[in-house]
Amino acid sequence: MSTESRQSPMGVGALWCRLARSRWVVPVFCAVMGVIVFAAQAANDDVGGGVVSLGIIWGYGLLLVLTSRRSETAALLRGEVPDERAEWIQLRAAALTCYVLVAVLVGGFVVALARSSGQADLWARLSALTGLTYLGSVLWYRRRS
Amino acid sequence: MLDIVENDVRRLRGDKGLSQGDLGEALGVSRQTVNAIETGRYSPSLPLAIQIARYFGSTVEEVFHVD
């Protein structure tokens, strides 16, 4: 049984997985995000900064497109998941990223509390959202496996 | 849980005169994944292990083993 055959039952989830694994999702995301960030900065009278942001984001997307054939790292960053090892790498990288984000959220919340900052509520809400997402994910995947 | 599983994939591939890319293509995985399996950096899933064993006309136990 290959990785592909495990994805064969087509539903909304499977369709979403397929779309998310397309090698063009990240480049298209970069193209769109570049325009959005440029528009946001231009609306704030920072056209120069917007152009720089646009160049960085588009450049990143273009770099991935140009190098993904030769570099496995670039291919992974581009979102390519050709086999189960790539999927394993993507999952572990995503998990590590989440651990770092959770540490930042909890740290930010504690620091805001210690400083009696008005931002403590924001940190608390973001932390709660993260915790609830994790809880929901555990419940969802426990039922499905 | 056993993390380190040794295997004979490199030897079996060499006996067949295949490159890592050839084997990867036959198995539907990347050349880098074949390399990672051979060097023990990645343990394949059970379905892929079975696929590899069948490709070489062996059993999973003959190809993958814990020494």
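This is a predicted model: local features need pLDDT of at least 70, side-chain atom pairs count only at pLDDT 80 or more; totals for chains, interfaces and linings use all residues.
How many residue pairs are in polar contact between chain B and chain A?

Stop 1: Seven helices and zero strands make up its secondary structure, and reading along the sequence gives the pattern α-α-α-α-α-α-α. Chain A has 145 residues, of which 18% are buried. Among contacts in chain A between residues at least 6 apart in sequence, 38% link residues at least 24 apart.

**Stop 2: the interface.** Now show chain B together with chain A. Here 11 residues of chain B touch eight residues of chain A. The size of an interface is often expressed as the accessible area lost when the parts come together. For chain B and chain A, the buried area is about 850 Å², with 50% contributed by carbon and sulfur atoms. Select B:Gln32, B:Tyr42 and B:Pro47: these residues supply 53% of the area that chain B buries against chain A, more than any other three residues.

**Stop 3: the chain B side.** Colour helix H3 (31–38) and helix H4 (46–55) of chain B, the elements that each give two or more residues to the side touching chain A. The largest share, three residues, comes from H3(B). By class, this side of chain B has six nonpolar, five polar and no charged residues.

**Stop 4: contacts across the interface.** The opening question can now be answered: five residue pairs are in polar contact between chain B and chain A, both residues having pLDDT 80 or more.

Definitions and conventions:
Residues are numbered from 1 along each chain as its sequence is written. Chains are lettered from A and ligands numbered from 1 in the order in which they are written. Side-chain values use heavy atoms; hydrogens and water are left out. Contact means heavy atoms within 4.5 Å. Buried area is the accessible area (1.4 Å probe) that two parts lose on being put together, summed over both. A polar contact is a pair of N or O atoms within 3.5 Å; within protein, one must be able to donate a hydrogen and the other to accept it, and residues adjacent in sequence count only if both atoms are side-chain atoms. Helices (H or I, at least four residues) and strands (E, at least two) are DSSP runs, numbered from the N terminus. Ala, Val, Leu, Ile, Met, Phe, Trp, Tyr, Cys and Pro count as nonpolar, Asp, Glu, Lys and Arg as charged, and the others, Gly among them, as polar. Buried means under 20% relative accessible area, exposed over 50%, partly exposed in between (1.4 Å probe, protein chains only).
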